[in-house]
Amino acid sequence: MTKLLTGTAKYVSLVVAAVVTLLPLGLILFGSLKTSQEFLATGPLDPPENWFNFDNYVTAFNQGMGMAFVNTILVFVAAIVGTIFIGAATAYALDRFRFLGRGAVLKLFLLATLVPGVTTQVATFQIINGLGLYGSRWALILLFMGTDIVSIYIFVQFMRSIPRSLDEAAMIEGAGPVRIFLQIILPNLKPAIATVVIIKGIGIYNEFFLPFLYINDPDKLPISTALFKFMGPWGSQWELICAGVVITIIPILLLFLFLQRYIYNGFTSGATK
Amino acid sequence: MTTAPSGLTGPAAAAERDAVAPTTPRGRRGGGPAGRARKLTPYLFLLIPVGLLLLLTYVPVVNMFWYSFTDWDGLDKTKNLVGFDNYVEVFTDPDNVRVFLVSLYYVVGSFVQMALALYFATLLSFKVRFKNMWKGILFFPYLINGVAIGLIFLNFLKPGGGLDTVLMKAGLDGLIHQWTGDPDIANYTLASVSVWRYTGLTFVMFLGAIQSINSDIYEAAALDGATRWHEFWHIILPSIRPIVGLAFILGISGSLSVFEIPFVMTGGSNGTETFVIRTIWMAFQRNTVGLASAMAVVLLLFVLIVTWMQRKIVPEEEVDLT
């Protein structure tokens, strides 16, 4: 009897959690498929009359959301490639070499994990501004590459599992350190790179604070600030805002459905370093 | 907890090993100079990473301390030293003090979030139907853009919106409020949205930790007649203590640096202004960079103190980098 009760309680709690999670999302989808009059006339829980009314999506896409995707991709690719090279180079130097100052460098990276990015932004802004990068996509790229301690951590952890005999064999064949790095280390770091691309990628895609501070040109806005700006002119047209929101969520939803397992793994290893 | 993700290592890594291009033997570059070059190698590899680390983390931290003792407006060539004036203002201006109190709503929220995450992680680490579906649903909100979440909930909570309609259908009309407009409850609303957003991450961290517990322990406990509750209290909770500790720091430092949800949903009005919103406003709208820096220094010190306390209370195994 108690078993039956706890069994029921278990599923009831899961269903309640699922409803709480999905209901706000579902209503956004409903709203995005309604016409303007329909949105005002029907209740939020009423499904749309025509499930294939994509007019709002077309409008949202043409009013900046499309351009925002292009901007996000530009920043995304440059920042990810940079992060991978920087993280892997750091891991290579720290794991494979013993040199004067190694301990100090390790401590610098360790200590930096304690400083949350939002706290120093007032001062970082002055540096980016001083470099003449305010308003440029390079500001975002530089900040995404430079302040990413978590991926350096993941690379350093992973480096140890790559056998040293591999680089020694290459060294005997006459390969220099750059060659070893590019041909032995980087290819063997692939699983770690996948983790970093996932965590970092989702982070860059969703980042709001940095583009909000550094990008003022409407043509350069990435997805999150574009969505934020989108709210302004369409403040009363919720069906359009709903479509903008769904457009932002779709890529992440697809990524999640295809890479579920890797995403979970990435976040457990990323969050716990 | 310090290993690379196991799911990613298997076949991909093996395939990669075969794919390593054969290195063509080349003539050695000579003896003496090569030795010196080898000594320089690590420095060359670290040049850019350490350069960026200094430029974008350490220089700003040092500058921020320096600015916090000046009356700088962000543009002026001269910065006048004002001693501790900015700090006095941080702790005496009621508008500044209020943002500390606003953080408390989110701190409480992060405890709720940890409790929920712990409950669902424990539940889903045992046999449950459609386990992956529940897991996916709970985790997914964490992947959604913060601005999108703000708009999703503005739509859901607006007068006559989804929540009000549900309450009306359930006959609970009395519970209907101006969810984000009423200063008495706006912070509860926003903290709840934060819980909605972050429970999934905490849940997945806890679940990962629980699943790495050796199953022999449960079997041994079952032989001794342990109930589920005993298992939770004596096996699961002690085993995942480091992760709970980590969630605790992330929760508190996260609560102190809340920005997106209140910024998108209320713009900081109705008493929902947070530390970061206020700092940004001071630095970039009011041009009081000195004062904003003092706010940021206080925020940073808070986070450091919390981290230090957590290390004392829950001694974590040292993060091993060497």
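## A tour of chains A and B

Begin by selecting residues 192–215 of chain A, a span that is 88% helix and 0% strand and whose end C-alpha atoms lie 31 Å apart. Keep in mind throughout the tour that what you have open is a predicted model.

Now move to chain B, for which an unreviewed UniProt entry gives the feature "transmembrane region" at residues 43–67, 104–126, 138–157, 195–214, 235–259 and 289–309. Selecting residues 43–67 of chain B shows a span that is 100% helix and 0% strand, its end C-alpha atoms being 32 Å apart. Residues 235–259 of chain B, by contrast, are 84% helix and 0% strand, and their end C-alpha atoms lie 37 Å apart.

Next, pick out helix 4 of chain B, residues 94–125, whose 32 residues reach 47 Å from the first C-alpha to the last, close to the 46 Å expected at 1.5 Å a residue. At the start of this helix, zoom in on B:Asp93, where a side-chain oxygen reaches to within 2.9 Å of the backbone nitrogen of B:Asp95.

Finally, show both chains together and look at where they touch, a contact that takes 106 residues from chain B and 111 residues from chain A. The area buried between the two chains is about 9800 Å², and carbon and sulfur atoms give 76% of that area. On the chain B side, select helix 2, residues 32–67, which supplies the largest share of the residues touching chain A, namely 22. That whole side of chain B divides into 70 nonpolar, 24 polar and 12 charged residues. How many salt bridges cross the interface of chain B and chain A? The rule finds 0, while 10 residue pairs are counted in polar contact between the chains.

Methods. Residues are numbered from 1 along each chain as its sequence is written. Chains are lettered from A and ligands numbered from 1 in the order in which they are written. This is a predicted model: local features need pLDDT of at least 70, side-chain atom pairs count only at pLDDT 80 or more; totals for chains, interfaces and linings use all residues. Side-chain values use heavy atoms; hydrogens and water are left out. Helices (H or I, at least four residues) and strands (E, at least two) are DSSP runs, numbered from the N terminus. The expected span of a helix is 1.5 Å times one less than its number of residues. A polar contact is a pair of N or O atoms within 3.5 Å; within protein, one must be able to donate a hydrogen and the other to accept it, and residues adjacent in sequence count only if both atoms are side-chain atoms. Contact means heavy atoms within 4.5 Å. Buried area is the accessible area (1.4 Å probe) that two parts lose on being put together, summed over both. A salt bridge is a side-chain nitrogen of Lys or Arg within 4 Å of a carboxyl oxygen of Asp or Glu. Ala, Val, Leu, Ile, Met, Phe, Trp, Tyr, Cys and Pro count as nonpolar, Asp, Glu, Lys and Arg as charged, and the others, Gly among them, as polar. UniProt positions are given in the numbering used here, feature names are shortened, and annotations may be inferred rather than shown by experiment.
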